[in-house]
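The sequence and the structure are shown here first.

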Amino acid sequence: MSFTLFTSKATLLLFIGFLISGAINAQELYQPRSVQNAYKNGTRAYDGNPGEKYWQNRGIYEMHIQIDPPNRKIIGEQKITYTNNSPDTLKRLNYKLILNHHKPAAPRLRTVTNDYLTSGMHINSYTENGVQRKWENNERDGINKVIQLAEPLAPNSSIELTFDWHFDVSKQSGREGAIDSTTFFLAYFYPRVAVYDDYEGWDFMPYAGSQEFYNNFNDYSFEVTVPKNYIVWATGDLMNPREVLQKKYADLLEQSMTSDEVIRIMTQEDVKNKAVTMQNETNTWKWKADNITDITIATSNQYNWDAGSVVVDSATGRRASFQAAYDAPSKDFKNMVKYGMNTLSWFSNHIPGVPYQFSKMTVVRGFANMEYPMMANDSSNDDEKFTRFVMQHEVAHTYFPFYMGINETRFAFMDEGWATAFEYFIGIEDLGYEQATENFKRFRVERWSNNPSLELDLPIITPSNIMSGLGAGTNSYGKAALGYLALRDYLGDEMFLTALHGFMDRWNGKHPIPWDMFYSFNDITGENLNWFWNNWFFSNNYMDIAICKVKVGGNSAKIQINNIGGMAVPFDVVVELKNGDTKTFHQTPEVWKDDLSAATIKLKDVKDIVQIKLDGGIWMDADLENNVWEKKD
């Protein structure tokens, strides 16, 4: 076990840490008061595990949804059995009505056209435990709707809630909406009980079109009624394929579930010939998904449908299905299932190296490039490689935030950052190290390293729900990914994966916050990494190192490197010799562990040096001019 001792106070704290597990963690990382209370109350533990008193609420959702394109009115009937596992008596419930974001007066971070605007979500009726309650659809209703309960909900008690509701699908498609006149993608479309958690209570965070979501783990069973010749794709398992599909296509779907090859289940011509679905006036597609944070639904009468499957758990032989739904002009989707099967296998067996936990993944050609549990709404692109790249990023989100119940709204770096890191690893596999690295630098790093603005240097820990623009995106994606990749460089591949797997094992199906992640890595590695967490996630440092002094003698050299930006970055020292040879000496973030401002590097077996260069790779330096030393004649 290796620790860095900074002061006598730190020495004392470390000594206490050996005696009292995890105490050091509480002292060295900043915690908001609400987070402090969670650790004080025993719902979270300083060794990174859920506390002995950890709890989370959940619901059982049963729904019937009616869709009748091109009519954009969606009608729903819904029952929620909501269980209060908290120690608190709940006198009110907060409901999330995300589709109120489409109201003309709703606050938004992005401009929209009139086609995006609707009248929002309408609740036609509402009951509590079978008793009708008044629900006022107020024009001022926003994303959050607080309802005082007729009877308080005691700890360890449940309440049965029912809703009849309707809304209009927006013509302008974004994360959800009408992809075309008869192709709809429904997301965030039903009333849900907001998260009530152990450190903030009710989630009242607004949605303004940019940040993402924070949801309970629930069980869902839902039915989707559509006209004949319409196909439905959705989160979960289709429970009645032979009731809605004609035999040939039901057989093909069943075959695809165990096929290593891509199966063209149907084409647009099949649908036009009315050969695919049962020829009832309407068909009702029944779905089920348990212990999942959300559901989405897509339907079309003109899309192609491909599917295949792959073994994702070699220990058990369990397979997962990968499916694609797309229109004929989207030629970049024709290989989507092949790429997707490879993606499920790669993530399951390499990095993160945790078997894909769901039964399937479906990518629908839309406009959003957006992930959902078991679904993605991805745009078409002329560059098939870019389409594959986007899909891989969305599939990576399976782990964060859908396996780990991340609060994406407040801590986006805990899901986007990990997905971005995973995307880089699989990019190396697909494109080779050099191309993947250039892509990563271009799309994920350059806007931070080359832009010295105040917002871009805000600490990653800054809540993403209060940020916007480049700062929010940089913190959530590239900067956070660089932090995780720097940690891997420091720990080494084996220990890094051991710690990552340990954290995921402890917190899957729960709601981890950043401190749970930091403390889990500390505990599992047996090392106090708080110096690293403070540097990468709590500071406003940036990436800029410089050669300060060089002393060459005989077959060795000593180089003093100043850390101008203050970030604990890995880098290569590239030495060019007189005979034309080059030698590369990799330095991990450990060189900054004792002194974040400067490091001295000693090189051996180097003779007749003519140039020394610092190369940060993906950790792009803000100023390259001071990264080179050349021998003077």
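In this predicted model, Tyr 190 counts as buried, because its relative accessibility of 1% falls under the 20% limit that applies to buried residues. Tyr 61 likewise has a relative accessibility of 1% and counts as buried.

A search of the whole structure finds 57 aromatic pairs, and Tyr 61 and Tyr 190 form one that is edge-to-face. Tyr 61 belongs to strand 1 (residues 58–68), while Tyr 190 sits in the loop between strand 9 (183–187) and strand 10 (192–193), so the pair ties together parts that are 129 residues apart in sequence. Trp 346 and Phe 347 form another edge-to-face aromatic pair. Trp 346 is buried, with a relative accessible area of 8%, and Phe 347, at 1% relative accessibility, counts as buried too. A pair of aromatic rings is described by the distance of the centres and the angle of the planes, and the table gives these values for the two pairs.

| Aromatic pair | Centre to centre | Angle between the planes |
|---|---|---|
| Tyr 61 and Tyr 190 | 5.8 Å | 75° |
| Trp 346 and Phe 347 | 6.1 Å | 75° |

The next feature is a packing of two helices. Helix 10 (residues 416–431) packs with helix 12 (residues 469–491) at an angle of about 65°, and their axes are 7 Å apart. Since angles of 65 to 115 degrees count as roughly perpendicular, helix 10 and helix 12 are therefore roughly perpendicular to each other. The crossing in which helix 10 passes helix 12 is right-handed. On the side of helix 10, the contact is made by Glu 416, Gly 417, Trp 418, Thr 420, Ala 421, Tyr 424 and Phe 425, and on the side of helix 12 by Ser 476, Tyr 477, Ala 480, Ala 481, Tyr 484, Leu 485 and Arg 488. Sorted by class, this contact of helix 10 with helix 12 has 9 nonpolar, 3 polar and 2 charged residues.

Thr 582 lies in strand 27, which covers residues 582–587. Is Thr 582 buried or exposed? Thr 582 is exposed, because its relative accessible area of 53% is over the limit of 50%. When residues up to four places away in sequence are not counted, Thr 582 touches Val 575 and Glu 576. Thr 582 and Gln 611 are 29 residues apart along the chain, and their C-alpha atoms are separated by 9.4 Å.

Technical notes:
Residues numbered from 1 in each chain as written. Predicted model: local features only at pLDDT ≥ 70, side-chain atom pairs only at ≥ 80, totals over all residues. Heavy atoms only, no water. Axes fitted to C-alpha atoms, helices over the stretch in contact; angles between N-to-C directions. Helix = DSSP H or I, 4+ residues; strand = E, 2+ residues; numbered from the N terminus. Parallel < 35°, antiparallel > 145°, perpendicular 65-115°, else oblique. Left-handed = near helix turned anticlockwise from the far one by under 90°. Contact = heavy atoms within 4.5 Å. Nonpolar A, V, L, I, M, F, W, Y, C, P; charged D, E, K, R; others polar. Buried < 20%, exposed > 50% of the residue type's maximum accessible area, 1.4 Å probe, protein only. Phe/Tyr/Trp six-rings, centres within 6.5 Å; stacked < 30°, edge-to-face > 60°.
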